[in-house]
Amino acid sequence: MDTNDITHKLHNINWNFDFNINYSSDSLYPFDCRKHYSYPATFIPEIPYTLIEILSHKGDTVLDPFGGIGTTFIQSLLLERNPISCDINPIATNVCSVLYELFDPNLDRETLKQQLLAFCNNYDETIDYTINTTDQQKELNDWYEKETFNKICYFIFQYNTIEDIQLCNVLKLVISSMLPTLSSQNKGWAYIADNVKPKDDEYRSKPVFETYKSRIKLLFSEIEVHLKNQTETFKSFYNKTTESQRIFNSSIVDINVSKVDLIVTSPPYPKMIDYVKSQRMAFNFLNQKYSDYTAHEVGARCRRSNKNALAEYKTSMGTINKRLCDLLKIGGFFCLVLPDYAESDQRKPIIDSMIKSYEEYGLTLIDEFKRYIPSHRRTVSIQWASLVNEKIIIFRKEN
Ligand SMILES: C[S@@+](CC[C@H](N)C(=O)[O-])C[C@H]1O[C@@H](n2cnc3c(N)ncnc32)[C@H](O)[C@@H]1O
């Protein structure tokens, strides 16, 4: 790929993507994982989609080492690149795995959808479903109005009785995605991470079955639209992708993968977000301890009062970045979305030195684009409010 040609293409993109894009219903366009699972600091799908289109070819391997709910993974899949995604958060990797499975052209989606919708039919309001829950699941109780919680426990009961793994995983995604929405405290992930429960006068009944049905219908209809627009080669491409493991619930430093053609990622920013704790409700529903995962989370906000937090971030990211630069094939690109801090911000030198380190690991800076962070992402916490811009940085391994 000629660097001048690529630079020209990259400069023709409006990286803010802040206009209303009307995609034509009969062409390929980015798939928005965020519509199906709310997760902090996810990619606008247009970012990885555009980078993958410009910086790789069909059949190339694209890695996101901080893959979250799979935004890079799914765009790679749709563009017929071999996707690989790693994330230490098991709730996020389940979302990525379920979406990947639902895109299987061989899958009977209509039957699966009807089975999922049928779960709504057997609810009996005279039954107390909360008695079937474990102590950890009962911790969810404080977030919901009484009847709403009984209906959620009904879904948990259904989830525990299913044997079909695929059905179980989709149900896991949908229940996990509904838990924050149906809560009586709807202030965002930071409040959930900090365990700020609703006040006594805030409890409200929420439409559990309507929410469930509309989520199932949206999920299946969007996947159908994206598959309808796929090329004729997609089915055989997809079948080949299933030959090896592609989604890892671990750090890239702990797994073996072959060299990759392109890396597109948005790493955790220092002291900014609690990705694991933000999924507190899903961990409770699944009877899993989030503390088993927070220890591995780079940059976690919950460690913000630790005076070594920035130094630890630098060390952890240094190890991961070295591994990533080794994994990249010669000629391959490495794209990062990083925070564009104000001069006065104590985290700026950490990010600046990280950017320099890529050159020390053998990469060449190709380009850098500033982008404005949409306000819906900035208003969720005070930390975000101070961050107005981020930058997309593109490196290449030239030799
Ligand atoms: C900015 S988010 C990425 C979101 C992703 N781009 C998406 O659209 O879903 C950063 C991710 O890094 C993950 N993470 C934190 N520490 C990690 C580690 N050591 N290895 C792998 N993933 C990690 C977090 O769980 C989080 O999902």
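1. Asn 287. In this predicted model, Asn 287 counts as partly exposed, at 36% relative accessibility. The residue belongs to the loop that lies between helix H12 (280–285) and H13. Its phi is positive, about 60 degrees, although Asn 287 is not a glycine.

2. Glu 80. Glu 80 is located in the loop between H3 and E2. Is Glu 80 buried or exposed? Its relative accessible area is 5%, and because the cut-off for buried is under 20%, Glu 80 is buried.

3. Ligand shell. How many residues surround the ligand? There are 22, and the closest are Tyr 39, Phe 43, Ile 69, Thr 71 and Asp 87. Sorted by class, the shell comprises 11 nonpolar, 9 polar and 2 charged residues.

4. Tyr 39 places a polar side-chain atom 2.6 Å from an oxygen atom of the ligand. For Thr 71, too, a polar side-chain atom lies 2.6 Å from a ligand oxygen atom. Ile 69 takes part through its backbone: an N or O atom there lies 3.0 Å from an oxygen atom of the ligand. Of the 600 Å² of accessible area that the ligand has on its own, the protein covers 99%.

5. Sheet layout. In which order do the 7 strands of the open sheet run? The order is E3-E2-E1-E4-E5-E7-E6, with mixed pairing. Strand E3 (247–248) and strand E6 (364–372) are the edge strands, each pairing on one side only.

6. Strand E1. The strand E1 covers residues 61–64; Thr 61 and Leu 63 point one way from it, Val 62 and Asp 64 point the other way, and all are buried. In a regular strand, side chains alternate between the two faces of the sheet. E1 runs parallel to strand E2 (residues 82–86), to which 4 bridges join it. Within that pairing, Val 62 stands opposite Pro 83, and Asn 82 is the bridge partner of Thr 61. E1 also runs parallel to strand E4 (residues 260–265), with 2 bridges joining them. Here Leu 63 stands opposite Ile 263.

7. The β-α-β unit. E1, helix H3 (residues 71–78) and E2 together make a unit of this kind, and it is right-handed. Two residues discussed above fall in this part of the chain: Thr 71, whose side chain has a polar atom 2.6 Å from a ligand oxygen, and Glu 80, in the loop between H3 and E2.

8. Strand E2. Why is E2 described as largely enclosed by the rest of the structure? The reason is that 5 of the 5 residues of E2 are buried. Both faces are covered, with Asn 82, Ile 84 and Cys 86 buried on one side and Pro 83 and Ser 85 buried on the other. E2 also runs parallel to E3, joined by 2 bridges. In this pairing, the bridge partner of Ser 85 is Ile 247.

9. Antiparallel pairing. Strand E5 (residues 328–339) pairs with strand E7 (residues 389–396) in the antiparallel sense, over 7 bridges. One of the facing pairs is Pro 339 and Glu 390, the latter in E7.

10. Helix H2. Helix H2 (residues 46–55) is largely enclosed by the rest of the structure, because 9 of its 10 residues are buried. The buried residues are Glu 46, Ile 47, Pro 48, Tyr 49, Thr 50, Leu 51, Ile 52, Ile 54 and Leu 55.

11. Buried loop residues. Phe 103 is part of the loop between helix H4 (90–102) and helix H5 (109–118), and at 0% relative accessibility it counts as buried. The C-alpha atoms of Phe 103 and Ile 355 are 35 Å apart in space, and the two residues are 252 residues apart in sequence. Ala 300 is found in the loop between helix H13 (291–294) and helix H14 (309–327). Ala 300 is buried, with a relative accessible area of 2%. A separation of 7.0 Å divides the C-alpha atoms of Ala 300 and Pro 270, which are 30 residues apart along the chain.

Note on methods:
Residues are numbered from 1 along each chain as its sequence is written. This is a predicted model: local features need pLDDT of at least 70, side-chain atom pairs count only at pLDDT 80 or more; totals for chains, interfaces and linings use all residues. Side-chain values use heavy atoms; hydrogens and water are left out. A residue is near a molecule or strand if one of its heavy atoms lies within 4 Å of it. A polar contact is a pair of N or O atoms within 3.5 Å; within protein, one must be able to donate a hydrogen and the other to accept it, and residues adjacent in sequence count only if both atoms are side-chain atoms. Accessible areas come from the Shrake-Rupley method with a 1.4 Å probe; for residues, only the protein chains shown count as cover. Ala, Val, Leu, Ile, Met, Phe, Trp, Tyr, Cys and Pro count as nonpolar, Asp, Glu, Lys and Arg as charged, and the others, Gly among them, as polar. Buried means under 20% relative accessible area, exposed over 50%, partly exposed in between (1.4 Å probe, protein chains only). Two strands pair if DSSP finds at least two bridges between them. A crossover is right-handed if, with the strands pointing away from the viewer, the path from the first strand over the helix to the second runs clockwise.
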